[in-house]
Amino acid sequence: MALPAILKDGLTLPAIAAPLFIISHPPLVIEQCKAGVIGSFPALNARPEAQLDEWLAEITETLSAHNRANPDRPAAPFAVNQIVHRSNDRLEHDVEMCVKYKVPIVITSLGARPELNEAIHSYGGITLHDIINNRFAHKAIEKGADGLIAVASGAGGHAGTLSPLALIQEIREWFDGPLLLSGSIATGQAVLAAQAMGADMGYIGSAFIATEEARAVDTYKQMIADSSADDIVYSNLFTGVHGNYLKGSVRAAGMDPDDLPEGDLKTMDFGTDKTKAWKDIWGSGQGVGAVKEVVPVAELVARLIREYDAAKARLVG
């Protein structure tokens, strides 16, 4: 099935910039979209909840003004991530805000609800659900999601354990709709490789942490630039869901990254005081070895495009 226009129009690279907890905010999203990749942010990053209205107004108005001034190179659309887990007591309000501003793309995580998909479809938006295995992929599509984000081994933050080769292959046996791949994608070559194995687009997270527009402290950005795959630890201690984190930040918090206790999702409460204790535990994917310095978003995207085009040319040639 062909990709919907919303996942193609205005893009300079077939990629979504992943929603980064705490880090993604309007200045980052706007620059990502202007550079030609789909920018996104978690709704819970806007705090208090009334701020979400302000953020959505800022993003939509700024991108609309950019498009009027640059009809020959319009910005890519943007996306909002919604945590569907029962602990998110803001979900109803945040979905109402997405409907109010007709957010083009909504990314759902940690649960799938038909009524959320219906709300986004009511104005022509689409929903993409992130999954870590084929069973969850089936459930998401059955409940009305338009597409899937396959979160494979090596992805930053909440991540699965399956090889991207296995996960994409199994999903493509039955699903021909929009499919993105998340997991160690920090180069243009990796975006092309994702397409080669059957995904439509890449999903890029950690590389955008080390950008000037990201809402991360300078030490976090520099740690991303200084780290490699060996500097990542996989743990469920911090949110109750397994994810990948920078060992350096774990050590700085006084813990041994090679000897962490188990967490429990039942005791966690996303976006509230229970997770604030871990605000200095920094998420990162295994692809950070490709990130060498902190740069503006436009410069990062330009590098990704050069690498993507060069890799494609080598294959054709």
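Predicted model: local features only at pLDDT ≥ 70, side-chain atom pairs only at ≥ 80, totals over all residues.

Colleague: What share of the residues in the protein chain is buried?

Modeller: Buried residues make up 54% of the 317 residues, where the label requires a relative accessible area under 20%. The chain exposes about 13500 Å², of which carbon and sulfur atoms supply 53%. Among contacts between residues at least 6 apart in sequence, 65% join residues at least 24 apart.

Colleague: Why do strands S1 and S2 stand at the edges of the sheet?

Modeller: The open sheet is formed by 8 strands in the order S1-S9-S8-S6-S5-S4-S3-S2, with parallel pairing. Strand S1 (15-17) and strand S2 (39-42) each have a single partner strand, so one side of each is left without a neighbour in the sheet. On average, neighbouring strands of this sheet are turned by 25 degrees against each other, direction ignored.

Colleague: What makes strands S6 and S8 a pair?

Modeller: Two strands pair if at least two bridges are found between them, and strand S6 (residues 147-151) and strand S8 (residues 179-182) share 4 bridges in the parallel sense, so they are a pair.

Colleague: Why is Asn134 called buried?

Modeller: Asn134 has a relative accessibility of 17%, and the label applies under 20%, so Asn134 counts as buried. Asn134 is found in helix H5 (residues 134-142) and, leaving aside residues up to four places away in sequence, touches Leu167, Glu170, Ile171 and Trp174.

Colleague: How do you know that Lys100 and Asp53 form a salt bridge?

Modeller: The closest N and O atoms of Lys100 and Asp53 are 2.9 Å apart, and the rule asks for a side-chain nitrogen of Lys or Arg within 4 Å of a carboxyl oxygen of Asp or Glu, so the pair qualifies. This pair links distant parts of the chain, since Lys100 lies in helix H3 (residues 91-100) and Asp53 in helix H2 (residues 50-69), 47 residues apart. By this rule the count comes to 6 salt bridges.

Colleague: Why are Lys100 and Asp53 called partly exposed?

Modeller: Partly exposed covers what falls between the buried limit of 20% and the exposed limit of 50%. Lys100, at 47% relative accessibility, therefore counts as partly exposed, and Asp53, with a relative accessible area of 21%, is also partly exposed.

Colleague: How far apart are Glu307 and Arg303 in helix H12, and are they buried or exposed?

Modeller: Glu307 and Arg303 are 4 residues apart in helix H12 (residues 297-316), which means they are separated by about one helical turn. Their side chains meet in a salt bridge (2.9 Å, N to O). Glu307 has a relative accessible area of 19% and Arg303 is at 18%, so with a limit of 20% both count as buried.

Colleague: Which residue forms a salt bridge with Asp94?

Modeller: Asp94 forms a salt bridge with Arg90, the closest N and O atoms being 3.2 Å apart, and both Asp94 and Arg90 are buried.

Key: Residues numbered from 1 in each chain as written. Heavy atoms only, no water. Helix = DSSP H or I, 4+ residues; strand = E, 2+ residues; numbered from the N terminus. Buried < 20%, exposed > 50% of the residue type's maximum accessible area, 1.4 Å probe, protein only. Contact = heavy atoms within 4.5 Å. Axes fitted to C-alpha atoms, helices over the stretch in contact; angles between N-to-C directions. Areas by Shrake-Rupley, 256 points an atom, 1.4 Å probe, with all protein chains shown as cover.
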